[in-house]
Amino acid sequence: MSRIELKHIDKFYGSNHVLRDINLTIEDGDFMTLLGPSGCGKTTTLRVVSGLEKPQNGVMTIDGEEMINADLAYYAEPSKRGLNLVFQSYALWPHMTVRENIAFGLKIQKLPKDEVEKRVKESLRMMRIEDYIDRYPNELSGGQQQRVAIARAVASNPKLLLLDEPLSNLDARLRIDMRSELQRIHRELGTTIIYVTHDQVEALTMSTKIALFKAGELSQVASPMDLYMNPIDLEAADFIGNPRINFLKGTAEHANGKLNVSCELGELCFDQADMTDEPIPDGRFDCVVAIRPEQVQIYDEPAADRFPVKVYANQPAGSETLVSLQAGSSDFLSKQIGLAHYEINQEVYVHIPPEKINIYNAQSTRLIKRAR
């Protein structure tokens, strides 16, 4: 296992500042996903860790040993970092069988022949493709080739495994299967994994921690559930979640240890214990009320803790139903489990658990009231 620390990493391509003061710690045994849209810096960060890119500023250590010290122009070779990298493309040798592809790197390490064979078979067993050991890459499906590429990476028992969007070339069903396999491998090996993706479902389902990138900067590092429930700003909240989070405009005032919020759903009040450390303006200020669609519960009858709304659209999708609702001039979405049907313009009543609501300062865009 490995502990990696990135300190004040800056990377430029000419005048393009692609990584801006990146500070990130990846603990032993973490499954750390670098998540963000295209061009945000996540793959460049992975390439810096691997040694394929040299940053202009900063320090990187693995288990306390310096691998990068830009001030001293010191960059350890990739071969000295104890890692393996799996690319988006499978990068298998077409003229070699599966056995030969996996054994190639082990032979370069000059391992005994019986040890090479043992590791080849064990890695294929872990990836559940031992029956394909004597096939060539062109005789395998895309999913099988990706399993071979990962088997090759784990065969050398790396203390650090880097995965650069390894599932993006697979169809939806294969991606689900491979997510399960990667989770299982992480549990069995205990290897530290750094995984790059723009797919939030991959990040949320596999990771122990997620580092969210935005325009070359590290926006937030958190567990998957904390990132989902409490995105640090409006941009992060809008990026995480499918269907997207609901945003409602409102006004707020912080007084007597309470945060009082007014929006199209009515008057809301939150305790000081749910506040973040973000500064809150004096007096009334504009805010944004953020609500996950699955937290919007629909009822036919009114009650004291329910708000009247109208149905704008009803979208049954088999296992779930998406219901578009209107409250005054605001539109928002509810996700109901299973099949449900509502008439257009039907008046219904919604309940939203106050503890599940996020409040953001509209001016700074930062989270001021967290969900729990």
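Author: The expected span of a helix is 1.5 Å times one less than its number of residues. Helices are DSSP runs of H or I, at least four residues, numbered from the N terminus. The model is predicted: local features need pLDDT of at least 70, side-chain atom pairs count only at pLDDT 80 or more, and totals for chains, interfaces and linings use all residues. Residues are numbered from 1 along each chain as its sequence is written, and side-chain values use heavy atoms, with hydrogens and water left out.

Reader: How far apart are the end C-alpha atoms of α5?

Author: α5 has 18 residues. At 1.5 Å a residue, α5 should span 26 Å. The end C-alpha atoms agree with that, at 26 Å.

Reader: At what angle do α4 and α5 pack?

Author: Axes are lines fitted to C-alpha atoms over the stretch in contact, and angles run from 0 to 180 degrees between N-to-C directions. α4 covers residues 142–155 and α5 residues 172–189, with axes 11 Å apart. Their packing angle is about 15°.

Reader: Which orientation does that give α4 relative to α5?

Author: Angles under 35 degrees count as roughly parallel, over 145 as roughly antiparallel, 65 to 115 as roughly perpendicular and the rest as oblique. That makes α4, relative to α5, roughly parallel.

Reader: What about α3 and α4: which orientation do they have to each other?

Author: α3 and α4 have axes 9 Å apart. Their packing angle is about 130°. α3 and α4 are therefore oblique.

Reader: Which residue follows α5?

Author: The residue after α5 has a positive phi, near 70°. That residue is Gly190.

Conventions
Helix = DSSP H or I, 4+ residues; strand = E, 2+ residues; numbered from the N terminus.
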